[in-house]
Amino acid sequence: MKITDIKATPVAVPLKPSKTKSKMRKGPNAVIAVIVQVFTDEGYMGIGETPAVLGLDLSSAIVNSAKPILVGEDCANINLLMKRLYVQYNANHLHIHTASWAFSGIELALWDIMAQKAGMPLYQIWGGAFRSRVEIIGVIERQESAGMKEMARQMVAEGYRTLYTKIGMDPEDDIRAIAAMREGAPEPHVKICGDANQAWSTGEAISIIRRMEPYGIGWIEQPVMMYNLDALKHVRSHVNVPILGHESNWTMYDLVNVIKKDCVDYVKLDGRFDAGYNGVRISAGMAEAAGIQCVHHSFFQLGIALAGSLHVMASCPNFSMACSMSEYRSMLDDVIEGGPLQMKQSPYMDVPQGIGLGVKLDEEKLQKYHEYYVREILEPGYERETENPY
């Protein structure tokens with residue numbers, strides 16, 4: 001089965017208006033992404049989704065420029081084709097996930113085609129399901145303490161058992177935020193987690209995390225610089241809170257050094273940031289061999305990317321912790337048929353059971369939200385101002 005064409009369509013889908021005065025949001029209140037379609041000579045069409053990290057203009061250009069490399073090739077040779085993309089683009093001279101941000105949408109579309117051809121859900125192509133549903137993290141936007149307390153209370157009432165917020169801003173305010181979440185969720189089985197995004201020096205991280213310890217912390221994510229694994233290990237050895245690595249283990253090539261250093265308790269992984277979907281499954285296996293549990297990352301995703309992540313989590317036994325789907329709870333609509341994927345029982349998201357990815361592209365909505373992107377994002381100059389960093 002040969003690839004006949006590849007198409008990249010940038011879209012923007014609005015989020016629900018925020019009920020809180022968030023300290024994190026900026027730019028238009030929308031999720032932006034590139035929707036990838038791969039066409040074949042046997043009539044199969046696979047779909048993928050590329051995140052907005054590089055900007056949709058650049059991501060779209062990279063996807064479309066892959067046509068000369070991929071058109072005419074056998075789409076079953078996914079690993080070979082992805083290696084060829086990285087090599088012919090000299091992408092290996094960059095951090096590997098920089099290229100993955102663009103190429104992962106192509107790879108997911110190819111996997112979708114092969115699962116459709118086989119007549120089974122994608123997770124079965126990847127070895128079968130270890131779980132049919134995935135527990136989801138409750139994300140609380142940074143805001144005033146009273147709002148964080150109330151959101152924590154509401155989320156626990158909905159069933160969430162892991163609550164997460166961004167930290168690494170002002171230490172005193174970070175501690176107040178964590179305390180407010182625990183006040184709203186006093187049940188000891190509820191984990192309170194924070195993501196510092198490399199914000200602290202080694203000494204600061206130890207001091208601040210120790211002050212957070214009384215609030216029953218589930219984990220603190222990436223407290224120090226991603227490149228300084230010795231500092232990460234030093235922090236881990238001086239606090240009584242589990243440390244979760246993210247930026248330090250973005251790809252399987254980074255993860256091997258994190259494992260050697262024994263500097264984290266958990267890792268957060270994502271096929272769109274690793275060396276693709278094959279890379280993230282390798283990373284999950286490496287972490288499993290090292291006895292390190294996995295959390296799945298999310299970043300500005302629509303239903304296609306979420307479906308891909310759910311298939312990864314279903315097929316890899318080591319995604320045994322609550323995982324993130326960030327802003328997806330706030331989606332007004334989606335580019336897939338039937339609208340956004342829904343939880344049947346909070347806080348769990350069911351793994352799609354249909355053929356391939358288990359979601360189908362709605363062509364009318366694809367056009368609608370492409371036009372919305374052009375009108376509301378591209379023309380006003382907001383291309384790189386829509387990040388909503390949970």
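**Figure 1. Contact between helices α9 and α10 in the predicted model.** From α9, the residues Leu229, Asp230 and Lys233 meet Asn257, Val258 and Lys261 of α10. By residue class, this contact of α9 with α10 comprises two nonpolar, one polar and three charged residues. Helix α9 spans residues 229-237 and helix α10 spans residues 252-261; they pack at an angle of about 45°, and their axes are 10 Å apart. Because of this angle, α9 is oblique to α10. The crossing in which α9 passes α10 is right-handed.

**Figure 2. Packing of helix α3 against helix α4.** Two packed helices are described by the angle between their axes and by the distance between the axes. For α3 (residues 78-88) and α4 (residues 96-118), the angle is about 155° and the axes lie 10 Å apart. Helix α3 is therefore roughly antiparallel to α4, as angles over 145 degrees are counted in that class. The crossing of α3 and α4 is right-handed.

**Figure 3. Residues at the contact of α3 with α4.** On the α3 side, the contact is made by Ile78, Asn79, Leu81, Met82, Leu85 and Tyr86. Their counterparts in α4 are Ile96, Ala99, Ser100, Phe103, Ile106, Glu107, Leu110, Trp111 and Met114. The residues of this contact divide into twelve nonpolar, two polar and one charged.

**Figure 4. The open sheet formed by β1, β2 and β3.** Strands of a sheet pair through backbone hydrogen bonds, in either a parallel or an antiparallel manner. Here the three strands follow the order β1-β2-β3, with antiparallel pairing.

**Figure 5. Pairing of β2 with β3.** Strand β2 (residues 30-40) runs antiparallel to β3, and six bridges join the two. Val38 stands opposite Gly46, a residue of β3.

**Figure 6. Helices α4 and α12 on the sheet.** Helix α4 lies across β1, β2 and β3, and runs at about 150° to β3. Helix α12 (residues 303-315) also packs on the sheet, where α12 touches β2 and β3. The direction of α12 makes about 95° with that of β3.

Technical notes:
Residues numbered from 1 in each chain as written. Predicted model: local features only at pLDDT ≥ 70, side-chain atom pairs only at ≥ 80, totals over all residues. Heavy atoms only, no water. Axes fitted to C-alpha atoms, helices over the stretch in contact; angles between N-to-C directions. Helix = DSSP H or I, 4+ residues; strand = E, 2+ residues; numbered from the N terminus. Parallel < 35°, antiparallel > 145°, perpendicular 65-115°, else oblique. Left-handed = near helix turned anticlockwise from the far one by under 90°. Contact = heavy atoms within 4.5 Å. Nonpolar A, V, L, I, M, F, W, Y, C, P; charged D, E, K, R; others polar. Pairing = 2+ DSSP bridges.
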